[in-house]
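Here is a short briefing on one protein chain. Keep the model in view as you read, and find each residue as it comes up.

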Amino acid sequence: SQAPPAAFYRYAPDRKGDQAEALLEGCRGVLHADGYVGFERFYRPARPGADPPLIEVACWSHARRNIYEVDKETASPIAREALERIAALFVIEGSIRGQPPERRAAVRIEHAAPRLDQLKAFLDTSLGRISGKSTLAKAIRYALARWVALTRYVTDGRLEMTNNAAERAMKPPVLGRKNYLFCGSDAGGQR
């Protein structure tokens with residue numbers, strides 16, 4: 001819709017798996033998140049033949065960030081081309097922002113799906129041309145390992161390509177953490 005996205009933020013003192021379990025236990029549906037291992041158990045069925053509690057939707061910003069870091073450090077032509085291909089996907093998303101889910105899915109199927117197929121082929125081929133120990137190989141493997149979850153947004157117009165709305169909602173509490181810690185203290189934020 002045209003309404004701004006909503007995000008729920010619940011502070012936890014650490015990133016241990018039990019924090020994810022306390023928050024998500026009993027939830028059903030989709031979870032749009034980064035590759036945090038604490039969520040993995042929710043993507044697996046409790047028993048053979050059952051549906052998993054949550055369907056993973058991975059974030060293209062996270063996948064892109066890994067490749068961007070390699071490009072920044074090494075100016076790799078492969079990283080640059082991958083970034084350009086990913087940028088084209090973001091352009092498609094920008095053109096359908098705020099549209100009804102059916103329209104978003106139709107445009108994605110027509111325009112993004114072929115580009116995603118080409119990007120996957122490019123990443124697969126590139127992985128065979130570079131050192132398996134390189135940071136670029138690691139970035140490519142991150143994306144390929146999450147490919148199904150990264151491309152799930154294409155056919156479901158309710159889903160986003162990134163979880164940036166939630167990430168942006170987390171910034172104020174994280175940036176203000178030091179100030180909040182000393183709020184009301186004679187020491188203030190001084191050390």
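**A charged pair to start with**

R41 and E21 form a salt bridge, and their closest N and O atoms are 3.3 Å apart. This pair links distant parts of the chain: R41 is in the loop between strand 1 (29-33) and strand 2 (54-58), while E21 is in helix 1 (residues 17-24), 20 residues apart. The model is predicted.

**The chain as a whole**

- The chain has eight helices and two strands.
- Along the sequence the pattern reads α-β-β-α-α-α-α-α-α-α.
- The chain has 191 residues, and buried residues make up 35% of them.
- Take the contacts between residues at least 6 apart in sequence: 61% of them join residues at least 24 apart.

**Salt bridges**

- How many salt bridges does a search of the whole structure find? The search finds nine.
- Side chains of opposite charge can pair when their charged atoms come close.
- R41 is partly exposed, with a relative accessible area of 31%.
- A network of salt bridges links E21, E25 and R41.
- E81 and R85 meet through their side chains in another salt bridge, at 2.7 Å from N to O.
- E81 and R85 are four residues apart in helix 3, so about one helical turn separates them.
- E81 is partly exposed at 31% relative accessible area, and R85 is partly exposed at 27%.
- D124 forms a salt bridge with K120, and the closest N and O atoms are 2.9 Å apart.
- D124 and K120 are separated by about one helical turn because they are four residues apart in helix 4.
- An α-helix has 3.6 residues a turn, so residues three or four places apart point the same way.
- D124 is partly exposed, with a relative accessible area of 37%.
- K120 is partly exposed as well, with a value of 29%.

**Helix 3 against helix 4**

- At what angle do helix 3 and helix 4 pack? The angle is about 175°, and the axes are 10 Å apart.
- Angles over 145 degrees count as roughly antiparallel, so helix 3 is roughly antiparallel to helix 4.
- On the helix 3 side, the contact residues include I78, A82, I86, L89, I92 and I96.
- On the helix 4 side, they include V107, A112, L116, L119, F122 and L123.
- E81 and R85 of helix 3 are among the residues in this contact too.
- The residues of this contact divide into 13 nonpolar, three polar and six charged.

**Helix 5 and its cover**

- Which residues of helix 5 (residues 135-145) are buried? They are L136, A137, A139, I140, Y142, A143 and L144.
- The cover over these buried residues includes helix 2 (60-74) and helix 3 (77-96).
- Helix 4 (101-127) and helix 6 (147-151) are also part of that cover.

**Two loop residues**

- T162 is found in the loop between helix 6 and helix 7 (164-175).
- Is T162 buried or exposed? T162 counts as buried, because its relative accessibility is 14% and the cut-off for buried is under 20%.
- Leaving aside neighbours within four places in sequence, T162 is in contact with H32, C59, W60, S61 and F90.
- A75 is found in the loop between helix 2 and helix 3.
- Most residues other than glycine have a negative phi.
- A75 has a positive phi of about 55°, although A75 is not a glycine.
- A75 is exposed, with a relative accessible area of 57%.

**Cysteines**

- How many disulfides does the structure hold? The structure holds zero.
- C27 is partly exposed, at 30% relative accessibility.
- C59, one of the residues in contact with T162, is buried at 3% relative accessibility.

Key. Residues numbered from 1 in each chain as written. Predicted model: local features only at pLDDT ≥ 70, side-chain atom pairs only at ≥ 80, totals over all residues. Heavy atoms only, no water. Buried < 20%, exposed > 50% of the residue type's maximum accessible area, 1.4 Å probe, protein only. Contact = heavy atoms within 4.5 Å. Salt bridge = Lys/Arg side-chain N within 4 Å of Asp/Glu carboxyl O. Axes fitted to C-alpha atoms, helices over the stretch in contact; angles between N-to-C directions. Parallel < 35°, antiparallel > 145°, perpendicular 65-115°, else oblique. Nonpolar A, V, L, I, M, F, W, Y, C, P; charged D, E, K, R; others polar. Disulfide = S-S within 2.5 Å.
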